[in-house]
Amino acid sequence: MSIHASASMLFSSFLSVLFCSLLSGCLAPTEDVSLLFVGDTHFGESYDSNNEMLSLLEERGYSDFLNSFSSLLQSADLVIGNLETAGTDIEVSPFEGQKSYTHWTDIDEAPSTFLEQNMTVFSLANNHSMDY
């Protein structure tokens, strides 16, 4: 799955829930909608100069790091977070040496893990959006 397909899927999921719940009245007017806002979200692959985090992610899986919050994430109708990274398969940032740190996350594992955990809407506007 490409990052464009993942982003498109996440955005369409957001629009479907938003339009269905707010505009087309698929929820009864008396039914509550729960929104859960989470902050900066990132699996930390790019913090790892010794490949220790990557080893943990490979050994335990990406979901392991969210399992403690899984029941909370699953309980919300819509989970909205800030993806504090760029999803890419580019190995070296074009800004390497110009920017003191660049963030990236796996373009297959991160989106599928977020979807498994009911995290479907992300802001992409942050200082790492153009790291790659």
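Biologist: In β2, which residue is the bridge partner of Asp40?
Modeller: Asn82 is the bridge partner of Asp40. This is a predicted model, where local features need pLDDT of at least 70 and side-chain atom pairs pLDDT 80 or more, while totals for chains, interfaces and linings use all residues. Residues are numbered from 1 along each chain as its sequence is written, and side-chain values use heavy atoms, without hydrogens and water.

Biologist: How many bridges join β1 and β2?
Modeller: Five bridges join β1 and β2, in the parallel sense. Strands (E, at least two residues) and helices (H or I, at least four) are DSSP runs numbered from the N terminus; strands pair with at least two DSSP bridges.

Biologist: What is the strand order in the sheet?
Modeller: The order is β1-β2-β5, an open sheet of three strands with parallel pairing. β1 (35-41) and β5 are at the edges with a single partner strand each, so one side of each has no neighbour in the sheet.

Biologist: Turning to the core, which residues touch the most other members?
Modeller: Phe43, Val79, Phe114 and Met119 do, within the largest nonpolar core of 13 residues. Such a core joins buried Ala, Val, Leu, Ile, Met, Phe, Trp, Tyr and Cys through side-chain atoms within 4.5 Å. β2 (78-83), α4 (109-116) and β5 (119-123) each supply at least two of its residues.

Biologist: And Ile107, is that buried or exposed?
Modeller: Ile107 is buried, at 13% relative accessible area (buried is under 20%, exposed over 50%, partly exposed in between; 1.4 Å probe, protein chains only).

Biologist: Where is Ile107 placed?
Modeller: Ile107 sits in the loop between β4 (104-105) and α4. Its C-alpha atom is 8.9 Å from that of Ala86, 21 residues apart along the chain.
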